[in-house]
Amino acid sequence: MRLSDTHIHLLASEWQEPVADRIDSARQLGIGLLLQPGVRGLDWPELLALAEEYDEVYAAPGLHPMCAEDWSHACAAQLRTLSIRAKVIAIGEIGLDALVDVDMARQRQAFDAQVRIACEAKLPLLIHCRKCTDAVLNILQEFGDRLNGGIWHGFSGSSETAQQIIKLGFALGVGPVLLRENARKLPEALKDIPDDMLVLETDAPDMATEPETLLAVAQRLAVLRGWTEAECVRLTTTNANRILKLGEMIGE
């Protein structure tokens, strides 16, 4: 099996090399899934075009909390239209962020509306959350059985928080935070998570600048969990395929 990167911004302006080179590098390293979350609505067509060009690339269009003020009826209509495209496998990255200069009421409005669209389309979510854990959990709980699970991107919280997230059907996205020397809470929390609720991500280029980082995260997670590296690849890729409703075809 090959690795799955469930959160990578392939088209971010920070990259220096052409996007084709980034995808080729990931392929050579044994990464078989590259999921691009949305940030702003203007990016969505390009995300989808790239996904439709490369087999291993998929799209998760959505408005990041920092772009919540862009939410509108037209934006909602566009997202509904995209949600039925074959290479769109999630809605994201959406949520709440207390560290961005956007009115929290507008953030909540955009988040709630996008969760509703995901429920209608029966798509999982990629959740972005900074300093708003209780608020995000409360909103998700309101949707109950209508939710189709998803991934809590960039998880770095406690074991207690992790259990609350998992109860809602969301796997934890484990990324480069795990590699930090001062990471204490996260490694402890990850020891108690069920095997089937962990996936890997880089959040590149924000949190990583090279595809090799995904391998380093996998190696560190394997040590924490007492897995071999092969077990880590198999389990996290199987989890990503299930959560993103890709069956077993990706990563074989």
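**Strands, helices and backbone angles**

Mentor: An open sheet has five strands in the order 4-5-6-7-8, with parallel pairing.

Trainee: What makes strand 4 (91–97) and strand 8 the edge strands?

Mentor: Each of these two strands pairs on one side only. Neighbouring strands in this sheet are turned by 30 degrees against each other on average, direction ignored. Helices (H or I, at least four residues) and strands (E, at least two) are DSSP runs, numbered from the N terminus. The model is predicted, so local features need pLDDT of at least 70 and side-chain atom pairs count only at pLDDT 80 or more, while totals for chains, interfaces and linings use all residues. Residues are numbered from 1 along each chain as its sequence is written, and side-chain values use heavy atoms, leaving out hydrogens and water.

Trainee: How do you know that strand 5 (residues 125–130) pairs with strand 6 (residues 150–152)?

Mentor: Three bridges join strand 5 to strand 6, and they run parallel. Two strands pair if DSSP finds at least two bridges between them, so strand 5 and strand 6 pair. The bridge partner of Ile127 in strand 6 is Trp152.

Trainee: What joins strand 1 (residues 3–5) to strand 2?

Mentor: Three bridges, with the two strands running parallel. Ser4 stands opposite Leu33 in strand 2.

Trainee: What makes up the β-α-β unit that contains strand 1?

Mentor: Strand 1, helix 1 (residues 19–28) and strand 2 form it, and the unit is right-handed. The crossover from strand 2 through helix 2 (residues 44–53) to strand 3 is also β-α-β and right-handed. That word applies if, with the strands pointing away from the viewer, the path from the first strand over the helix to the second runs clockwise.

Trainee: Why is strand 2 (residues 31–37) called largely enclosed?

Mentor: Seven of its seven residues are buried, so strand 2 is largely enclosed by the rest of the structure. Buried means under 20% relative accessible area, exposed over 50%, partly exposed in between (1.4 Å probe, protein chains only).

Trainee: Is Leu82 buried or exposed, and how do you know?

Mentor: Leu82 has 9% relative accessibility, so it counts as buried. Leu82 lies in helix 3 (residues 73–82). Leaving aside neighbours within four places in sequence, Leu82 is in contact (heavy atoms within 4.5 Å) with Trp44, Leu48, Pro61 and Val88.

Trainee: Why does Lys245 count as partly exposed?

Mentor: Its relative accessibility is 47%, and partly exposed covers the range between the two limits. Lys245 has a positive phi of about 60 degrees although it is not a glycine.

Trainee: How do you know that the span of helix 8 (residues 212–225) is close to the expected one?

Mentor: Helix 8 has 14 residues and reaches 20 Å from its first C-alpha to its last, against an expected 20 Å. The expected span is 1.5 Å times one less than the number of residues.

Trainee: Why are helix 8 and helix 9 called roughly perpendicular?

Mentor: They pack at an angle of about 105 degrees, with their axes 9 Å apart. Axes are lines fitted to C-alpha atoms, for helices over the stretch in contact, and angles run from 0 to 180 degrees between N-to-C directions. Angles under 35 degrees count as roughly parallel, over 145 as roughly antiparallel, 65 to 115 as roughly perpendicular and the rest as oblique. Helix 8 and helix 9 are therefore roughly perpendicular to each other.
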